Amino acid sequence: MVEKKTKKRVKKLREKIRKHEYKYYVLDNPEIADYEYDKLMKELENLEEKFPELKTEDSPTQRVGGEPRDEFKRVEHSTQVLSLDNAFGKDELKDFDDRIKRNLSTDNYEYIVEHKIDGLSAILRYEDSTLNIGATRGNGRVGEDVTHNLKTINSIPLKLRKENIDLELRGEVFIKKDGFKELNKNREEAEKKSFANPRNAAAGSIRQLDPKIAAKRPLSFIAYDLVEFEDSKKNINSHLQALEFLKELGFNINWYQKCNDISEVIEVCEKWVEKREDIDFEIDGMVIKINQLSLREKLGSTSKNPRWAIAYKFPAQQKTTKVKDIEVTVGRTGALTPNAVLEPVFLDGSTVSRASLHNEDEVKRKDVRINDTVLVQKAGDVIPEVVKVIKEKRTGNEKEFEMPNKCPVCGEEVFREEDEAITRCTNISCPAQRKESILHFVSRDAMDIEGVGPSIIAQLLNNDLIEDYADLYYLKKNDLIDLKRMAEKSSKNVIEAIKASKDRDLNRLIYALGIRHVGSNASRILTENYYSIENLKSADKDELVKINEIGPVMAESIVNFFKNENNLTVLKKLREADVKMEKNKSEKEKPQYLKEKSFVFTGALDHYTRREASALVRKYGGEVKSSVSSKTSYLVVGDNSGSKYEQAQDLDVDILNEDEFMELLKGGH
Ligand code: AMP
Ligand code: ZN
């Protein structure tokens with residue numbers, strides 16, 4: 001039995017710690033020194049250690065705890081997380097206001113203008129005043145459960161400052177400018193790749209299975225919307241009241257300003273274009289929201305955006321600098337890309353010293369010459385681009401660029417198809433392509449093989465020790481020892497790193513394959529839908545484009561990749577080397593009830609979208625086909641089913657309704 005006195009002390013300590021966390025992280029007005037805070041924490045930790053029965057999920061000690069997870073769980077959002085429509089410039093803000101006026105037939109409304117914080121959104125659910133689930137936005141309907149990481153953020157209360165509250169709110173997870181600089185400095189010192197910008201760093205921290213990583217990152221959280229809250233007293237009628245309520249509950253809330261009409265809104269937005277530099281985190285615009293909640297409801301939303309809000313996007317920051325040279329690089333598809341080598345300039349939070357000029361036509365169109373003075377900006381995220389040449393600054397020393405007619409890497413002919421903008425190296429065994437594709441394979445977001453860098457890859461290729469990335473798995477220690485800068489020990493490490501990568505998650509492998517147009521996000525989506533390389537290989541174009549995020553170009557590229565004999569040989573080598581080609585082990589061990597069964601769907605289901613239903617079938621080992629044949633095991637019939645129903649009857653295929661299908665998924669057959 002724990003003594004009453006101890007219980008009381010634990011309660012008291014938790015209250016104290018919460019209060020000080022609130023003062024420090026939210027009010028930015030600490031009352032005690034760090035040292036004293038640490039002392040309170042230590043005392044609480046000791047007591048919880050001694051009396052484990054006193055431990056609770058919402059205790060301040062539980063921010064960083066817990067074991068790494070095996071995989072992310074899905075979270076269905078209670079209300080779809082829509083994205084915001086964008087307004088570039090004041091005319092588009094006026095259009096937005098006109099639409100609102102027309103829709104409401106009144107001009108009796110107010111706007112709240114907020115910062116558009118450049119991080120990633122998080123959706124938090126509290127039950128009985130305790131943080132229950134924190135999720136990412138995902139596709140808007142379903143996100144990923146990242147509670148373990150969000151808990152490590154000190155400005156997210158584990159317990160609200162009022163009792164008996166159930167609610168859902170949204171906010172932004174981000175990293176402040178100085179925290180970001182520090183983080184990158186530390187990474188550089190540790191010889192790790194630095195992050196491109198604070199947003200990537202924040203997103204990368206939240207998408208980790210092990211909370212210890214997020215705990216080490218300087219993450220912050222600001223709440224900007226209350227989504228669900230039973231307000232029996234009807235105290236909250238406006239966004240302002242909602243924000244103030246969130247503040248009382250213990251959240252950092254977004255900066256805001258109330259505006260009575262669109263001209264005030266425009267004034268505020270334009271003022272912040274310059275002033276954004278003064279805040280200690282990155283904002284990429286302003287968000288304008290209707291204040292009155294009843295009017296929001298009246299306005300509703302389109303399938304993509306709420307009609308009552310819009311994001312004003314800041315114009316990209318631009319600076320002038322000099323083009324020192326124009327260099328041509330060869331990518332892994334053989335494409336030759338001209339790049340402007342720039343006098344370094346500091347732009348939107350990082351130093352820019354190169355800008356892509358994309359292709360020959362682009363260089364001609366912009367008329368960029370070596371020694372020109374140019375205006376550069378960061379387009380969207382990270383890729384800096386040359387906006388235009390400042391022709392007045394020309395001195396006559398400028399040199400025009402000419403696309404080489406030989407590959408700068410292998411010296412073979414290059415070729416440009418008539419209606420194509422891209423010039424390519426025609427040599428299928430051009431080391432640039434091989435080297436780039438292997439470099440991509442080992443890169444951090446792909447198979448993450450440490451110690452295999454550009455120099456080793458070049459040597460392995462030159463010595464004919466490898467031809468493609470699959471060959472890495474067949475290297476022996478002795479193959480490496482003779483290479484430059486390799487010794488017994490480092491060879492062993494490299495071999496071990498390669499071996500360790502055999503177990504990477506399927507989404508990394510899909511990304512690593514280097515299928516054109518398939519980035520790491522698309523790879524995740526493909527993983528969620530297909531569960532194995534084998535499944536993905538048999539997907540056809542029609543089926544792929546049914547997935548929301550996959551467009552026709554990507555679908556075609558995927559199908560082509562798996563048609564290519566060369567690629568199939570490489571895949572075979574990977575498989576024979578025992579590289580994992582299915583989703584996580586835990587998935588693999590899931591009972592394969594549906595093995596060797598094939599399914600066709602017709603009509604709409606109530607509980608699942610077509611895509612979700614297909615994913616479930618594949619998860620349990622089954623296959624999904626688009627048309628009925630005599631080999632089909634089951635036809636699953638929803639509302640408004642089509643001609644497939646008759647076909648199935650003719651062919652004597654088993655027909656399931658939705659309930660029967662769900663039974664089958666449970667393994668109840
Ligand atoms: P977008 O991704 O361009 O559709 O913009 C919507 C995103 O802006 C949301 O998902 C949030 O992550 C982010 N955001 C940042 N600040 C705010 C804010 N004050 N209100 C709403 N969304 C915001
Ligand atoms: Zn070449």
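Into which domains is the protein divided? There is domain 1 (4-55), domain 2 (86-313), domain 3 (318-416), domain 4 (431-586) and domain 5 (598-665), with bounds that come from an automatic or database domain assignment. The centres of domain 1 and domain 4, taken over C-alpha atoms, are separated by 48 Å.

Some ground rules before we go on. This is a predicted model, where local features need pLDDT of at least 70 and side-chain atom pairs count only at pLDDT 80 or more, while totals for chains, interfaces and linings use all residues. Residues are numbered from 1 along each chain as its sequence is written, chains are lettered from A and ligands numbered from 1 in the order in which they are written, and side-chain values use heavy atoms, with hydrogens and water left out.

Let's start with the sheet of strands E5-E4-E7-E8, given in that order: it is open, has 4 strands and pairs antiparallel. (Strands, E, of at least two residues and helices, H or I, of at least four are DSSP runs numbered from the N terminus; two strands pair if DSSP finds at least two bridges between them.) At the edges sit E5 (130-136) and E8 (219-229), each pairing on one side only. From one strand to the next, the twist averages 30°.

H6 lies across E4 (120-127), E5, E7 and E8, at about 125° to E7. Angles here run from 0 to 180 degrees between N-to-C directions, with axes fitted to C-alpha atoms, for helices over the stretch in contact; contact means heavy atoms within 4.5 Å. Helix H8 (residues 239-249) lies across E7 and E8, running at about 125° to E8.

Which residues of H6 are buried? In this helix (residues 198-206), they are Pro 198, Ala 201, Ala 202, Ser 205 and Ile 206, where buried means under 20% relative accessible area, exposed over 50% and partly exposed in between (1.4 Å probe, protein chains only). These residues are on the same side of H6 because they cover an arc of only 125° around the axis, the arc being that of the directions from the helix axis to the C-beta atoms.

Now for the largest nonpolar core. It has 52 residues, and Phe 441, Leu 472, Leu 509 and Leu 574 touch the most other members. Such a core is a set of buried Ala, Val, Leu, Ile, Met, Phe, Trp, Tyr and Cys residues joined through side-chain atoms within 4.5 Å. Among the elements giving two or more residues to this core are helix H12 (431-442), helix H16 (506-512) and helix H21 (565-576). A second, separate core of 36 residues includes Ile 153, Ala 201, Phe 221 and Leu 226.

Not counting residues up to four places away in sequence, Lys 366 touches Val 386, Val 387 and Val 389.

Finally, an open sheet of 4 strands runs E20-E19-E21-E22, with parallel pairing. Helix H23 (residues 610-619) lies across E19 and E20, at about 170° to E19.
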